[in-house]
Amino acid sequence: MALTSLDTNTALIVVDLQQGIVGYPLIHPIEGIVARTRALLGAFRRLGLPVVLVNVAGGAPGRTERPRLPESLPPGWTDLIPELDRQPGDIVVTKRTWGAFASTDLEHRLKALGVTQVVVTGVATGTGVEATARQAYEQGFNVTLALDAMTDTRPEAHEYSIGHVFPRLGETGTAEEIIALLNTRRT
């Protein structure tokens, strides 16, 4: 499904653009992801729409076959990258699961603001971004995914999410297309 519209009260959710993750070997250059995210941030902030900055500081409990984040992360690992230009009105959420809704009060905070739709960006496409989009969809939010403002360490995970999962969760588009829709509003 192509991008058709944005609800009057749409929030931007930026997933895991933090110091400890942006240095990973990603399939798309992080500079482009950050630049497109910054453009989205500017558009949302200019219109006074909610901005959510998410970082991850651990993992859900339970056994896994793959290595998990260490219990003690290096200093600064969870710090949001300065390019996000965190503002006093931004909602900042620290999660300990893949998605930003499961282990936080994000749903409550967004619904208290009357948010009905979210635009999701960030790292990693097949984990944090996808889990956040799934959880938003399950909580009744309309979901839009800015495909050129996300990346992953695994090409197959990125492509699978974009090609098979995201079209079932909402609408997809580019940062430029989302900004164009936002620009049709009166400021």
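## Legends to the close-up views

**View A. Overall fold of the predicted model.** Of the contacts in the protein with a separation of 6 or more, 81% are accounted for by residues 24 or more positions apart; a contact means heavy atoms within 4.5 Å. The model is predicted: local features need pLDDT of at least 70 and side-chain atom pairs count only at pLDDT 80 or more, whereas totals for chains, interfaces and linings use all residues. Residues are numbered from 1 along each chain as its sequence is written, and side-chain values use heavy atoms, with hydrogens and water left out. The protein contains 6 helices and 6 strands, where helices (H or I, at least four residues) and strands (E, at least two) are DSSP runs numbered from the N terminus. Their order from the N terminus is β-α-α-β-β-α-β-α-β-α-β-α. The radius of gyration, taken over C-alpha atoms, is 15 Å, close to the 16 Å that the globule rule gives for 187 residues, so the protein is as compact as a globular protein of that length. That rule is 2.2 Å times the number of residues to the power 0.38. Along the principal axes, the C-alpha atoms fill a box of roughly 50 × 35 × 30 Å.

View B. Gly20 lies in helix 1 (residues 19–22). With 12% relative accessibility, Gly20 counts as buried; buried means under 20% relative accessible area, exposed over 50%, and partly exposed in between (1.4 Å probe, protein chains only). Leaving aside residues up to four places away in sequence, Gly20 touches Gly76 and Trp77. Ala43 is 23 residues from Gly20 along the chain, and their C-alpha atoms are separated by 26 Å.

**View C. The salt bridge between Asp148 and Arg36.** A salt bridge is a side-chain nitrogen of Lys or Arg within 4 Å of a carboxyl oxygen of Asp or Glu, and by this rule the count comes to 7. In this view the side chains of Asp148 and Arg36 meet at 3.7 Å, N to O. The pair links distant parts of the chain, 112 residues apart: Asp148 belongs to strand 5 (residues 142–151) and Arg36 to helix 2 (residues 30–46). Both partners are partly exposed, Asp148 at 24% relative accessibility and Arg36 at 31%.

View D. Asp105 and Arg109 form a salt bridge of 3.8 Å, N to O. Asp105 is partly exposed at 40% relative accessibility, as is Arg109 at 30%. In the other pair, the side chains of Arg154 and Asp152 meet at 3.4 Å, N to O. Here Arg154 is partly exposed, with a relative accessible area of 31%, whereas Asp152 is buried at 1%.

**View E. Helix 4 and its cover.** In helix 4 (residues 125–138), 11 of the 14 residues are buried, so the helix is largely enclosed by the rest of the structure. Among these buried residues are Thr125, Gly128, Val129, Glu130 and Gln135. Their cover includes strand 1 (10–15), strand 3 (91–95), strand 4 (117–123), strand 5 and helix 5 (155–169). Just after helix 4, Gly140 takes a positive phi of about 95 degrees. For the protein as a whole, buried residues make up 49% of the 187 residues.
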